[in-house]
Amino acid sequence: MDVGIVGFGSYVPRHRIKVEEIARIWGADAPAYKKGLMLREKSVPTPDQDTITMSVEASRHALRRAGIDPAKIGAIYIGSESHPYAVKPSGTVVAEAIGATPEIHCADLEFACKAGSEGMFIAMSLVKAQQVEYALGIGADTSQGAPGDALEYSASAGAAAFLFGASKVLAVCEDSYSYMTDTPDFWRREYQFYPRHAGRFTGEPAYFKHVLACGRGLMEKAGATPDDFDWVVFHQPNGKFPMRAAQELGFPKEKVEQGWLCPTLGNTYSGSSPMGLAAILDVAKPGDRILMVSYGSGAGSDGFIWRVTGEITRVQGLAPHTRAQLENDPIYLDYGTYAKFRGKIRKLSA
Amino acid sequence: MRDVAVIGVGMNRWGELWEKSHRDIWTEAALQAIADAGVERVESMYVGCMSGGLFMGQEHLGPLLAEQLGCGPIPGTRVESACASGGLSFRQAYFDVASGAHDIVLATGLEKMTDVDGAAATYALSTAADQEYECYQGITFPGLYAMMARAHMHRYGTTRRQLADVAVKNHQHGSMNPLAQFQGKITAEQVETSVLVADPLRILDCSPITDGAAAVVLAPVEMAKKLTRKPLVRVAASAHATDHMALHDRNDLCWIESTAVAARSAYEQAGIGPAKLSFCEVHDCFTIAEVMVIEALGIAEKGKGGEAASSGRTALGGAIPVNPSGGLKSKGHPVGATGIAQIREAVMQLREECGPRQVGKARYGLTQNMGGTGASSVVHIFERI
């Protein structure tokens with residue numbers, strides 16, 4: 001039984017803020033940040049957008065492509081580090097909004113930036129185990145970055161949803177692999193508003209160790225080499241890390257670029273590599289193979305090998321493409337409006 | 001006082017050593033030095049460490065590290081003089097041997113700086129300045145050295161490019177040092193367009209935050225002759241001076257008086273002048289520091305330190321190579337270890353063990369280690385005998 005993606009969709013908020021605008025407020029060196037992070041601007045959610053609303057949008061796009069009855073979805077998993085509620089699931093609201101209730105299993109997941117790929121893995125595994133006919137895995141975040149911190153230049157908002165099933169599969173999962181250790185590189189404790197990170201420690205012993213080990217482990221498990229793939233997508237905390245990961249694993253830039261959204265999207269945390277995958281599926285051809293490696297601080301990576309089927313061309317035009325959402329009609333914000341949108345400043349209530 | 005020789009040196013690769021504790025880092029260097037000296041044990045030991053408390057939450061390093069060594073209940077002394085802690089640790093070990101109190105003595109330096117974040121490291125380093133009169137006004141070390149650089153540029157016409165040339169030279173030297181933290185070469189353009197830290201100093205004008213240790217073994221010259229078959233390196237001079245703690249109290253913003261005073265004493269002890277030196281290892285915590293230090297050492301004329309690197313005079317192959325090891329800029333600057341690493345380089349240069357960065361045959365070499373903005377300076381001269 002070939003199990004895989006039967007529907008996919010993403011959502012990118014329309015508002016943006018440029019690196020220069022953030023740097024202007026903090027007296028920081030914008031060209032240095034742009035060069036260092038390989039990042040020009042990032043998406044910003046409006047005050048009425050959150051992980052739930054973006055998950056609903058992305059799921060609706062996925063459903064349009066899948067063309068199935070949402071009542072047949074037997075499980076929904078949303079991975080995020082910005083679930084609007086500490087207690088009360090995001091998944092219940094999303095499932096209700098898309099018409100997937102009441103016969104459905106649900107859990108909200110958290111594993112820093114890889115909670116989205118975790119949701120995908122669990123959803124797909126339930127379909128494989130024939131526990132449910134369809135299952136939805138979502139990665140979404142309105143990422144938090146403390147004012148003035150390096151994270152503020154990248155922490156952005158977006159969502160991607162993947163519906164898994166066993167018929168009319170668009171992309172078959174040929175193999176998967178996970179790699180995890182206890183590595184405290186980035187964290188947010190209860191009652192804290194912004195995450196903290198261990199600076200340069202987030203690079204070599206954290207992101208690169210896990211992403212490279214996962215990529216290598218998965219290719220070894222599958223007996224594959226970089227030549228066997230047409231596309232590759234990594235978690236994108238900034239523009240630079242995924243490009244370097246690709247280079248170290250032996251992938252040319254051309255195989256990365258389609259899913260490399262970070263330079264204008266920013267880091268959508270749990271949405272990052274899933275949105276990159278959605279952008280690749282928007283343009284992939286039947287027979288293409290895609291390597292995906294997520295990363296979550298704490299730390300671990302999930303890897304997937306997707307083989308695109310002949311069904312893909314039928315559905316690509318049925319929902320907005322990720323890159324189109326990213327590129328069309330952005331609204332640029334000044335820092336003050338951005339600060340208001342992100343709840344960094346608040347009006348005193350009467 | 002007895003004549004003293006350095007008979008063993010030890011150091012491992014410096015950098016962000018996240019996989020190792022300060023115990024590991026220090027013990028590796030210490031055991032290497034003891035093995036290099038060809039001795040079984042040491043009778044006394046010193047550790048230069050600026051701020052074990054703020055960087056690692058650990059004081060009382062004397063017994064902690066003596067225990068690592070396994071030489072029994074030997075005296076273990078921690079020495080602190082900010083970034084000159086290493087140089088001063090060596091000077092205490094030198095007195096220990098010269099006075100006849102002990103024969104085989106270990107002088108070491110250690111700093112583990114990267115286990116705290118940038119703000120905590122900046123704060124820890126700032127304690128080397130005057131907290132009441134400087135730090136509480138908001139000044140940081142790059143800020144203090146930036147003011148010194150501005151003053152030097154204003155009075156003597158030292159240029160931005162000349163500062164960059166110091167960094168370029170030291171990274172070029174460091175590219176030949178397999179233990180250096182940064183072994184890549186850089187260009188003057190890269191220095192001048194790197195991130196601005198405190199105008200006119202940019203990030204590539206600054207030495208990095210580093211984890212590292214270094215160690216050397218000292219013995220009386222007469223005993224050393226029997227202990228080692230390696231070329232003998234004698235401590236020809238050991239000098240130490242202090243100056244006003246706060247920069248604003250100094251007579252001259254463009255002059256490091258503590259280095260000048262210590263150097264005068266050192267030249268007198270060694271019976272030589274700067275012209276006899278084959279090389280120097282100096283405290284280039286910032287590019288402007290090297291410019292001002294070589295003036296205070298009499299290697300460059302007052303106000304002419306800026307030209308030295310640009311003209312190639314202080315590069316390997318030049319008249320007086322300065323920082324053949326790569327200096328603090330490229331080798332790294334684990335503050336307490338820096339002074340000992342300078343001495344290790346001097347000993348290895350005099351023994352002609354430095355491979356591609358060897359200065360050639362050398363008789364005299366000088367090391368200058370400095371605390372704060374020059375409130376303390378330690379100068380040593382070594383002679384191959």
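Chain B is split into domain 1 (4–117 + 209–233) and domain 2 (138–207 + 234–384), with bounds from an automatic or database domain assignment. This is a predicted model, in which local features need pLDDT of at least 70 and side-chain atom pairs count only at pLDDT 80 or more, while totals for chains, interfaces and linings use all residues. Residues are numbered from 1 along each chain as its sequence is written, and chains are lettered from A in the order in which they are written.

Taken over C-alpha atoms, the centres of domain 1 and domain 2 of chain B are 22 Å apart. In contact here are 42 residues of domain 1 of chain B and 37 residues of domain 2 of chain B; contact means C-beta atoms, placed from the backbone, within 7 Å. On the domain 1 side, α4(B) supplies the largest share, eight residues. Helices are DSSP runs of H or I, at least four residues, numbered from the N terminus.

Now the core. The largest nonpolar core has 132 residues, and among those with the most contacts inside it are Ala33(B), Leu106(B) and Val217(B). Such a core is a set of buried Ala, Val, Leu, Ile, Met, Phe, Trp, Tyr and Cys residues joined through C-beta atoms within 7 Å; buried means 20 or more other C-beta atoms within 10 Å of the residue's own. Helix α14 (residues 335–350) of chain B gives the most to this core, nine residues. Both domains of chain B give residues to this core, so it lies between them.

Which residues does Val217(B) contact, leaving aside neighbours within four places in sequence? They include Ile7(B), Ala33(B), Val42(B) and Leu106(B).

Key:
A residue is buried if 20 or more other C-beta atoms lie within 10 Å of its own, exposed if 12 or fewer, and partly exposed in between; C-beta atoms are placed from the backbone. Helices (H or I, at least four residues) and strands (E, at least two) are DSSP runs, numbered from the N terminus. Two residues are in contact if their C-beta atoms, placed from the backbone, lie within 7 Å.
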